[in-house]
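Open the model in your viewer and colour it by chain position. Keep the selection panel at hand.

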Amino acid sequence: MANTIELAQTGKRDHLKALEKKYQEKWTQENLFEVNAPSQEELVGLSVAEIREKYPKWFGTFPFPYMNGSLHLGHAFTISKIEFAAGYQRLLGKRVLFPHGFHVTGMPIKAKTVEEKPSEAVAAPAVVGKATKGKIAAKSTGHTYQFQIMESIGVPRSEIKKFADPYYWLTYFPPICKEDNNSFGSRIDWRRSFMTTDANPFFDAFVRWQINKLHDLGKIRFGERYTIYSPKDGQPCMDHDRQDGEGHGPQEYTAVKMEVVEWSEAAKAEIEGKVGGRKVFLVAATLRPETMYGQTNCFVGTAIKYGVFAINQTEAYVCTYRAARNMAFQGISTPRGNIDQLLELDGIKIVGTKIKAPFAINPEVYVLPMDNVLSTKGTGVVTSVPSDSPDDYQTLVDLRKKPEFYKIDPKWASIDPVPVITTPTYGDLTAPTLVKQLKIQSQKDTKQLAEAKEIAYKEGFYSGTMLVGEFKGESVQDAKPKVRASMIESGVALAYAEPEGLVISRSADECVVALMDQWYLDYGEPSWRAQAERLVAKMDTYGSETRNAFEATLGWLNKWACARTYGLGSKLPWDPQFLVESLSDSTIYMSYYTVAHLLHGGDITGSKLGPLAVTPHQMTDEVWEYIFCNGPWPEPAPLPREKADKLRHEFNYFYPLDIRSSGKDLVPNHLTFAVYNHAAIFSEDKWPLSMRTNGHLMLNGKKMSKSTGNSLTLRESIEKFGADATRLSLADAGDGVEDANFDEKTANANILRVHTLLSWCEEMIKDQATLRQGPRNSYHDRVFEEEINDLINITKGHYEATSYKDALKFGFYELQTARDWYREVTADIGMHGELVQYWIRIAALLASPIAPHFAEHIWSTILQEPKSIQLARWPEPPRPIDKSVIETGVYMRGTLKMIRDAEVTLMKKINKGKKGKGGEDASFDPKKPRSVRIYVATTFPEWQNICVQTVKDSYVEKAEKVDDVKVREILIEKGLIKDKRVMPFIQAFKKRMAEFGAQTAFRRTLPFSETEILSEFLPYLKKSLGLVDAEVLSVEEARTHEGEPGFTRSIMDSSEPGSPAFEYRNV
């Protein structure tokens, strides 16, 4: 059942959609979004700085989407960040380049082979070869088979069978993507679009140059290394090849071989005669080999199914099937990829088995049961070192307390914890100490045990010293790799790895870690990493969270398999049996956008020659090097040099990339790869200037999911709400790295808001003659104009910061609030025609990056401007903003609210029979004619004066900062620290300092005359509150009437500068 809303009325929406279609066609006909570099002749004799000043440009991109389906609203959210920026940058008069490519490299398309009838489900894991047609465990769709998924996204059943050919995907979805973007109003230069892989020979040549250059630079190497691997596909499974588990890499362990000395009775009965004379070892995966000296036993999960697997002719290992499957691809078992399970054993039957404990002080120990053993992590066999593992210690305590309950012989758990490591904080027995401190009572205290485990590991690793063994006296950090190497060299342990978490390939295969010879990018190599870190340090990330994510990724990212044997892609030039994998051909393609329109003849495959009539085979590595890296001109030349110069001219003008915007989940792979590759290939002046990231998009406060019906494609949203309502809601969804929310109710409300606003604008321009004309002699005119101009500047600041939610708040919503106030407060004299027209003009310009169709209609149709708003310029206020005038607007609105609130409070008191504020009888009757006196103070209360002086005494002028510690010390000395009024007042005062400057704030005077402003305000005040009269008195003047009816001392005394007091009376 769908969780999205249904619209009751669609007339207004349909009207807006018709306008949107009209202006989209107009923009396309006028080729408004096609942009070129200035001609070579125009730039002759100009320096780079002079070119940037005379012909400013902006080049923004987002990661091109994978063409295995329609764009969903999450895609649109990421696209919108560049789309809104493109609109804003156009207003600044820049040549704005926003291109859009189509990613088709790799497994996702190749894996989605389609069959119209489901195949038989496979009953058990099996080692298979290349990917074949079959069932797809679709992610979050609620559908089991690919044909169902395709039907759910609107593909006609008659078309589905054609998708069995992976190249059909390449022609089907890109046009849909383009249509959806155009319906969204995207400002894209479609001439520069392209698809990846060798289906596009120009891009194929580009990738060949990139990969060859990296290889020549020593950035691509060949060797044996761990990688996530799909046995079904027969090749590595990198991030974009995955249905689940993106970001998971190999986790390396030390696998400790514990030879069986004597089987338990239950196990002996099962195993006898089935292992072919092989020695049998329980194999435990550990991250702490240095603690193996302290083994007191070994744990298994009683509910876990274990296998006994033949590793070779002489040895068999006891572990889970999952672990054996990983080992099969790491050269541990032979032949490679073969899993020879001799028998299956229940974990409960292994309990009581005596085994050898390599390197342990106690050479032989028993197998015991443990509640918290996982079959999905490690081998399912766990070494027990209760001196340093809180889980092991608590389990041992539980077993000793209740041996009968756990069905064990007490002697199996008789070995006490053995000190192995000493730490300054927890001594020789870290785990028992932590268990006691955290008051852990049993194995079921999983939260506390997890906390204890983290503390124990960090304390041991960073502060621990070895107490026993070959490396006694050495720090744990130094001893750890030495113990591991010694165990492996002695034949009692081996290197083992598995995925950090569950990884499912696009072909629905659970992936393993394989140790294999492969081509890899040497990310993490110290000198290359230093280059990448320098790039990130120079780059704007629009927030510390994104920068921290980059820095963290650079800290751990290392070798990355860049080749595969199966799928779609470009061949590895020097080893054509391999293809370049999907994340490795997509790191510098932004540079390809700068030349694609000159190479392609209007199609995304490059099958038609472009304006330069250059052929793909003419684009040799030497030519690409000449274009992008100022390499020498090749002799003999494959094409005329002037053609290559035109390509280089476009690249040099538009590069570097001004901004790359993406979802935050691409920092650990694509974005950091882009950083590494740009640092390696391009000169420093061509490095990206900025990268921003956003969170995931929720729909109606919940995660988007087809299976729950809480899902919306971009096309569905535009059909449902229209383009501008969708765009406004995407802007309103949020800008940070936290997850954002697209609220359909907001989108629906935006339809009415935009429709109403357009109607009002049309009405105002039509009725211009009826509006007030002539001099702007009302103080409210001045306030309104200053507020408009102030909002222009505020909105610009948010656009510059790519904070579109705030740009929308101030440039759309707050702008309308200012208009609403002006309309109300001038109801008696009418709005001024010139200011109304000015407001309409500014409203269109400020909203145009986010809601371009609405803005275009105002601009072209209502205001009758001859050129599109896409060619307009950002408005610049004619003079500096007078903040004091802005303050008066805030003051008037605040005063009105306070007076209304005061009347409400008075009504409540009257209804409850309470006396007035001064203890007088509440004789005021709000139903009778009434007036109000407003008392204006000219001096502040003494406690406030002390607070201001405190801030002044604590202000460090050189640093332009208040010393908060000193503020606190003075307040304690003055006896005001516990006064609840003080800290809120000081915070508000510091905010005022930031807004108006410290010296202005310290002068402690309002930037306007309250009496004068209230006098201007009184006519509206009387009308809006239904008053017979309203008068303004100074507190001093009012006190001369003290004792007279309607003059209450306590009310007068409550007045402060900027916060007048009010007293109602009947007349």
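The tour below goes from a sheet to a helix and then to the domains.

This is a predicted model, in which local features need pLDDT of at least 70 and side-chain atom pairs count only at pLDDT 80 or more, while totals for chains, interfaces and linings use all residues. Residues are numbered from 1 along each chain as its sequence is written, and side-chain values use heavy atoms, without hydrogens and water.

Zoom in on strand 1 (residues 57–61), which 3 bridges join to strand 2. Trp58 has Val96 of strand 2 as its bridge partner.

Next, select helix 21 (residues 641–654), whose 14 residues reach 20 Å from first C-alpha to last. Its buried residues (under 20% relative accessible area, 1.4 Å probe, protein chains only) include Leu647, Phe651 and Phe654. What do the buried residues of helix 21 pack against? Their partners are helix 2 (48–54), strand 1, strand 2, helix 19 and helix 20 (621–629), where contact means heavy atoms within 4.5 Å.

Finally, select domain 2 (739–881) and domain 3 (922–1066), with bounds from an automatic or database domain assignment. Their centres, taken over C-alpha atoms, are 33 Å apart. At the contact, 7 residues of domain 2 meet 6 residues of domain 3.

Note on methods:
Two strands pair if DSSP finds at least two bridges between them. Helices (H or I, at least four residues) and strands (E, at least two) are DSSP runs, numbered from the N terminus. The expected span of a helix is 1.5 Å times one less than its number of residues. Buried means under 20% relative accessible area, exposed over 50%, partly exposed in between (1.4 Å probe, protein chains only).
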